[in-house]
Amino acid sequence: LMRAVPTPRPVARRRSLVPAAAVVAAALVAAAPLASLGAQPAPAGRVFTLDDALTLARQNNPAFQNARNARRTAAAAVRAATGAFLPSLNTGFGGGYREGRQTFFQGQGFGSTNDQLSTDVNAQASVQLSLATLNDRRAAVASREATEADITVAEQSLRATVTTQYLAALQAAARAALQDTLLATTAAQLQLARARRQVGSAGQL
């Protein structure tokens, strides 16, 4: 009697995880997001690029945001120090009116019979400069330049951290895909070996 050889069943492969989830997690770890910002994960199936990860990190990293906020404060300090060099202008305007009417005393008329209108306009500009004012502006400019340097350093550090995390996530996804392929190949070889053994047993009968 010939024994029926069972048909090998297809091997169920595990689907590799989309790298987007790992990349988003890496970016969030590097960015240390604030809860108030409420960053939303990417839609399922979308693969994040390195630019996407960097944008997410810039928007949610507290240290980087603080450095950028300091830029506005430093710029305002420079404007205030520069304003001390502007001149101050004071203006004034006055006017008067006198009706032309004579005053009589003992039958004698005194005064003009013509109406009189008078105006007075004055303007005064002044500039107050001192060594302290000049030093204040120099200090404000130096502080602004230092703030710009801090922003550059913070962005470079953030880029390096996110890039490292991004590459690590891609490597992890590639290793997972390779392991899935090796597992599927091993399972297929095992089923083929079992089928051959069953065919050999049936031939001996």
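Arg58 and Glu155 form a salt bridge in this predicted model, with 3.3 Å between the closest N and O atoms, a salt bridge being a side-chain nitrogen of Lys or Arg within 4 Å of a carboxyl oxygen of Asp or Glu. Because Arg58 lies in helix H2 and Glu155 in helix H4, the pair ties together parts that are 97 residues apart in sequence; helices here are DSSP runs (H or I, at least four residues), numbered from the N terminus. By this rule there are two salt bridges.

| Salt bridge | Closest N and O atoms |
|---|---|
| Arg58 with Glu155 | 3.3 Å |
| Glu148 with Arg71 | 3.0 Å |

Glu148 belongs to helix H4 and Arg71 to helix H3, so this pair connects parts 77 residues apart in sequence. Arg71 is partly exposed at 34% relative accessible area, and Glu148 is partly exposed at 31% (buried means under 20%, exposed over 50%, partly exposed in between, with a 1.4 Å probe and protein chains only).

In helix H2, residues 50-60, the buried residues are Ala53, Leu54, Leu56, Ala57 and Asn60. Seen down the axis of H2, they fall within an arc of 160 degrees (taken from the directions from the helix axis to the C-beta atoms), so they line one face of the helix.

The largest nonpolar core has nine residues, among them Ala53, Phe64 and Ile151; such a core is a set of buried Ala, Val, Leu, Ile, Met, Phe, Trp, Tyr and Cys residues joined through side-chain atoms within 4.5 Å. H2, H3 (62-83) and H4 (131-204) each supply at least two residues of this core, and the largest share, four residues, comes from H4.

Residues are numbered from 1 along each chain as its sequence is written, and side-chain values use heavy atoms, with hydrogens and water left out. In this predicted model, local features need pLDDT of at least 70 and side-chain atom pairs count only at pLDDT 80 or more, whereas totals for chains, interfaces and linings use all residues.
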